[in-house]
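Hi there,

Here is the structure I promised to pass on. Please have a look at it first, and my notes follow below.

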Amino acid sequence: MNKSIEVVAAIIKKDNTYFCAQRSDHGELAKKWEFPGGKIEKGETHKEALEREILEELNTKIEVKTFLLTINHQYKGFNLILHAYRCEVIEGNLELSEHLAFKWATIDEMKKMEFSAADIPVLDYLST
Ligand SMILES: Nc1nc2c([nH]c(=O)n2[C@H]2C[C@H](O)[C@@H](COP(=O)(O)OP(=O)(O)OP(=O)(O)O)O2)c(=O)[nH]1
């Protein structure tokens, strides 16, 4: 059966740029750019999952503000359901612990970066 995973992602904006993070160099999405976040654990709300993931990955406390969109994307190995939320930093400096790199990028810059395929509709959404 096709594995399905459900993920939350944080869209963090500063001026006209967005916080983008580059995945590590293993797996189907190696080195692709993404918005920080991760898998929702059993019993968690989206907000709880996103706050936990950003604390774990970036040692930063965020506030989840507004829901933006949900994307359903079929990768080779699994089906992904991705929920994107606008978030604000409350405390911390977005320190990388799992990602290879980060970049505050404008929409035009993001469109030239290699984002995970599921994120393309997020970029389109942000540019409207
Ligand atoms: N956080 C995040 N994940 C994304 C985005 N776009 C996208 O396709 N994904 C995919 C990559 C992963 O397969 C999954 C996120 O889960 P994760 O980061 O916990 O996955 P992982 O494989 O690194 O974690 P793990 O299984 O090793 O625990 O969603 C995005 O913008 N943000």
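Two residues are in contact here if their C-beta atoms, placed from the backbone, lie within 7 Å. With that rule, and setting aside neighbours within four places in sequence, Lys 32 is in contact with Arg 23, Glu 114, Phe 115 and Ser 116.

Before going on, a word on conventions. This is a predicted model, in which local features need pLDDT of at least 70, side-chain atom pairs count only at pLDDT 80 or more, and totals for chains, interfaces and linings use all residues. Residues are numbered from 1 along each chain as its sequence is written.

Back to Lys 32: this residue sits in the loop between strand S2 (17-22) and strand S3 (33-34). Helices (H or I, at least four residues) and strands (E, at least two) are DSSP runs, numbered from the N terminus. Arg 52 is 20 residues from Lys 32 along the chain, and their C-alpha atoms are separated by 22 Å.

Now the ligand. It is surrounded by 15 residues, the closest being Glu 34, Gly 37, Gly 38, Ser 116 and Ala 118; a residue is near a molecule if its C-beta atom, placed from the backbone, lies within 6 Å of it. Strands S1 (3-14), S4 (37-39) and S6 (78-91) are the elements that give two or more residues to this shell. S4 has the largest share, with three residues.

The C-alpha atoms fill a box of roughly 40 × 35 × 30 Å along the principal axes. Buried residues account for 26% of the 128. Of the contacts between residues at least 6 apart in sequence, 68% join residues at least 24 apart.

Best wishes

Technical notes: A residue is buried if 20 or more other C-beta atoms lie within 10 Å of its own, exposed if 12 or fewer, and partly exposed in between; C-beta atoms are placed from the backbone.
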